[in-house]
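Please view the sequence and structure first.

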4 protein chains.
Amino acid sequence: MHSVTSTASTTSTASNASDTYSYLGPAGTFTELALKQVEEAQGKPWRAVNNVGEALDDVVEGRSKAAVIAIENSIDGGVSATQDALATIPGLRIVGEYLVPVGFVLVARPGTRLEDVKTIAAHPVAYAQCRGWLDKNLPDHSHLPAGSNVQAATQLLDENEDGEPVSVADAAVAPPTIVDHHALEVLAENIIDNPNAVTRFALVSRDTAIPKPTGADKTSLIAELPTDAPGSLVELLEQFSTRGVNMSLLESRPIGDALGRHRFIIDLEGHITEERIADALLGLYRFTPRVIFLGSYPRADRQPADFDPRYADEVFVEARDWLRGLLASEPSDVLETGDA
Amino acid sequence: MHSVTSTASTTSTASNASDTYSYLGPAGTFTELALKQVEEAQGKPWRAVNNVGEALDDVVEGRSKAAVIAIENSIDGGVSATQDALATIPGLRIVGEYLVPVGFVLVARPGTRLEDVKTIAAHPVAYAQCRGWLDKNLPDHSHLPAGSNVQAATQLLDENEDGEPVSVADAAVAPPTIVDHHALEVLAENIIDNPNAVTRFALVSRDTAIPKPTGADKTSLIAELPTDAPGSLVELLEQFSTRGVNMSLLESRPIGDALGRHRFIIDLEGHITEERIADALLGLYRFTPRVIFLGSYPRADRQPADFDPRYADEVFVEARDWLRGLLASEPSDVLETGDA
Amino acid sequence: MHSVTSTASTTSTASNASDTYSYLGPAGTFTELALKQVEEAQGKPWRAVNNVGEALDDVVEGRSKAAVIAIENSIDGGVSATQDALATIPGLRIVGEYLVPVGFVLVARPGTRLEDVKTIAAHPVAYAQCRGWLDKNLPDHSHLPAGSNVQAATQLLDENEDGEPVSVADAAVAPPTIVDHHALEVLAENIIDNPNAVTRFALVSRDTAIPKPTGADKTSLIAELPTDAPGSLVELLEQFSTRGVNMSLLESRPIGDALGRHRFIIDLEGHITEERIADALLGLYRFTPRVIFLGSYPRADRQPADFDPRYADEVFVEARDWLRGLLASEPSDVLETGDA
Amino acid sequence: MHSVTSTASTTSTASNASDTYSYLGPAGTFTELALKQVEEAQGKPWRAVNNVGEALDDVVEGRSKAAVIAIENSIDGGVSATQDALATIPGLRIVGEYLVPVGFVLVARPGTRLEDVKTIAAHPVAYAQCRGWLDKNLPDHSHLPAGSNVQAATQLLDENEDGEPVSVADAAVAPPTIVDHHALEVLAENIIDNPNAVTRFALVSRDTAIPKPTGADKTSLIAELPTDAPGSLVELLEQFSTRGVNMSLLESRPIGDALGRHRFIIDLEGHITEERIADALLGLYRFTPRVIFLGSYPRADRQPADFDPRYADEVFVEARDWLRGLLASEPSDVLETGDA
């Protein structure tokens, strides 16, 4: 599949695939801002793509070493396309997490006045996040849905042979960094309704080597319930609570085969090499084999996992030693001595 | 706010507001198919609007008696815009539920050949549901995101003064009923990847009178957790399980103020006038006062709620009688007789 | 049934039954010490009986207004005879609770030397509580089981026609108060192994009027599980935890019809007139109708019940008001206005 | 400590300690009937002792290889002395379980008539089990508490120099086998109130080698709660329910240091070498290190443990293989190939 415009094309065609990083382009997107935080990607070729599907295809087919994709937005929730892709494309692993504060500006061709704006191009999610501001300041505006904010914004500059704009939109909602790349004029800043909005991005790879634990890690899973019986979700969640494992995310997504059937997207606080997480995974696997391990990776906020000391690694070791002692017993020598 | 096109305009401007039903138009949408199932709406004015927000605004501001909005899709899950609107707009009530099987055709201007199709207009959700077929049959196609499938399809017929099409798209993904209203040609039928797809619609009103119980009802809620403590969700769910109440839906949506803070969209099997549901609501309210009752209404599938007989209404009455007996006791007459 | 000795006979044969208090006699028992704490019993006739069964028979048959019986011992646990009697004799209510510190002395006929003691009479429970001291200080002693410590102690003084002791025991384990009533000699004090031992007594009546709440109350119950299914006990306990109700006692007793079938003796922190307790009772009754309410009464330790403010009485009232509001709704007047 | 009578003395003083089996004597007790079921004890020296404490002392001090002790009675519940001894004496293991139906006869010196019986000697537990019959048939009888039914019965035959009976009792409650050993006359048979009464006996040893699993085993534990917090018991029980482990016994016993503090006596269905039991033990140890493993041993009723197939041993192995696979991953070769 090709995109309507060529803006988001590959920027590194000759590069070694195992070095390349795919991201939702073009330059200027929030995804690019996330990629700029990925240490190992600096100085490596970056590949701008049109959507999450293409980014993950690049990874699956070996065109890229990894891809950065939006996974959760503080306003809009889990990114469905990402969650569904991770649930259905085998072999993918999340190896890193990055947070990007979300902010929007309203941009237009130079010379446009705010009061002249009638039609605003914006991705539906961005539009929803700015709608309060837009309804108040431009009550008569119309919305033109766009697949990409940056693309829609740059199209404002496209002209036909007569030097007339080809876009039917008068303005676009875009990230502030857009003006670093394009000669657009900012008509209004900070038009997002919630100033604390942040998007969480995942670095996704096919490399199944798990990043080393840092003490401040997350483990991501997708699990289906074994039955629709009431209480089944409670039982699933008890696999975590009985091991003192906290969840930082629980979202449901339809499996797609029938109404009411859901899978659950779960983030646990901790790393698979920590005993309580590993044990919870074992418990979860027994409870429902329909579980996908998506990865353990450092948390973006570097906040150490908080848990009851009775679920510390050494307690697991102690418990195993105790059990091993119970099992290893030989007939006690006191009684054997009694035989003599 | 106005829509880009005038297609989805009000069809009943002179009508009595309390008679009017709003729906996502234009004619031919799945929402219209749902509205056709609403008995009390037949023969009343219908008002086609551009999005869920407008539909609910009509209800809130008294322009319409009720609105039909998509609430859940078997492929794509809960409709975020609907869930968030119901969570934040006070005074709305769900009074009915309707199911519409989802199917798509690929339509174009008469005379178009399938092999000539390059650019396909489609709402992102519809596009996602047909992407398997499109990638296989039209591997080189491009996607033009649209705000409405029906609108995008009808725009294929729009011409400029020279009689040339104005749309940049060659074809559109649309519901099969589109051809009842517009002179479009069907290039391919049944292009949806999952043939069992179904969308659930809600009839939303400001009328807080609760529809009578039918024995096959649902109760919809939105609840926030009182704390972020692990186990808090388990405790919330126990408010249902300890009363033998089944959930048919549990979805999480971000509250929007910070990453990781969620509210839960919950459907219970039963009617608020049934004792076990009323008691679960009381328990839920005490556990977390941040609970919104969205309504009790007949299930679209007319399937009676299944529950353990020990949570039947008469057992609640018996239990109250027992408690009342315990509390009402006067000093026993045996002992009083002893006094004589 | 009659007792072997006449020591524990009725002390108030002519008294009005509704004034009389039965207790495990004779004078000098711990039960008598408990009865001395019962305010309303002071100045009323007391009736010493031989065992718990007789005490409760007095109450059931109207010979006494109430009886004081041992219900739990900090060393030995729930008193089985009491628990089983409360589970099987209908119409009894606990109306008060009293604590008596337990301590024992070793007594003998005047002139006896500790080193001459061979055979020690003691009730098996008392013997068990002193066995550490006895084994250490009188390693060669024998135990003569007695039905009552005080009775066994006083029998030490009984003589035959020749002035010889009739008891085969040389000494007895008895409460320190024994010497207030009988000319026995204390051979050793503080012979109990655990100096913190305390026995809890219940004042049991047929009067079903419930003592007024004091803010520091207990509610006692006996419940059977509805099924033997695993998890059934967890479900029963959730009836309390989901209402923020704490248990101060949970003991199991065999029902008696088959191995492994148990009923549970439960004390809750709070009074039946407190909303969370009443609601837990309703929940419990629905979960298992095999529940006996034994009473709500002031705690002996006067310690106020500690509970999460979200389960305070006013929250229950608030929740009911909320539910009533939901149910009482009339078609909203906004829409009715729209009709005009 | 010595017993009052010499009846229950050692029957095998010269025997090799490691061969000897201790039991509550004398010959004719139900405990002896249980010992007769212990295959490995046949043909070995048996040592009759006076109480549970002596029996366990024999084991702890190496005088006996094992002891048979009553552990639970279908009428009277867990045997407190046994439960407390197992909780406090370290190094003991239950290695077998035996059931003995309980029945009683009323015996007397030859020539005694039922209507002449006034005073009945009986262990309090036996007396409680026969009280319905005794109250009905001998309404005027008195109870003389005895430490041992068999002992009390044989004492009926003891005479003084003048050939007069020394016992103050006229009759005794005893097991039917008493007449195999002593010249007593049976005044009445089947005097037990509940004809299905059965007592469960444990074979207790210091040998920590665990009997081989048979597919129909029990695992016995004693556990304390880590805190008094409400819900703590629910959490403990979840360690079993989340592993599909059923309990066949849950009893509480006071720890003895303060009112309201309990330990729990627990029997699980399964053997420590079964994965779900071992895993539950690990979970329990982490939840509360105050746990005592009392043993895994064949069930007396030979009934195989019933459990959900998802907790079968092979699922545990599968889960570990899955986890090991996740942890063992090397950078995937696809990407390595990409490097070439």
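## Contact between chains D and C

The contact is made by 45 residues from chain D and 45 residues from chain C, two residues being in contact if their C-beta atoms, placed from the backbone, lie within 7 Å. The model is predicted: local features need pLDDT of at least 70, side-chain atom pairs count only at pLDDT 80 or more, and totals for chains, interfaces and linings use all residues. Residues are numbered from 1 along each chain as its sequence is written, with chains lettered from A and ligands numbered from 1 in the order in which they are written.

On the side of chain D that touches chain C, at least two residues each come from strand 8 (142–145), strand 11 (198–205), helix 7 (232–241) and strand 13 (247–254) of chain D. Helices (H or I, at least four residues) and strands (E, at least two) are DSSP runs, numbered from the N terminus. Strand 13 of chain D gives the most to this side, with eight residues.

## Helix 4 of chain C

Helix 4 of chain C (residues 124–137) has 14 residues and spans 18 Å from first C-alpha to last, close to the expected 20 Å (1.5 Å times one less than its number of residues). A kink of about 60 degrees is centred on Cys130(C); the bend is the angle between axes fitted to the seven residues ending at a residue and the seven starting there.

Cover for the buried residues of helix 4 of chain C includes strand 7 (119–122) and helix 5 (149–155) of chain C.
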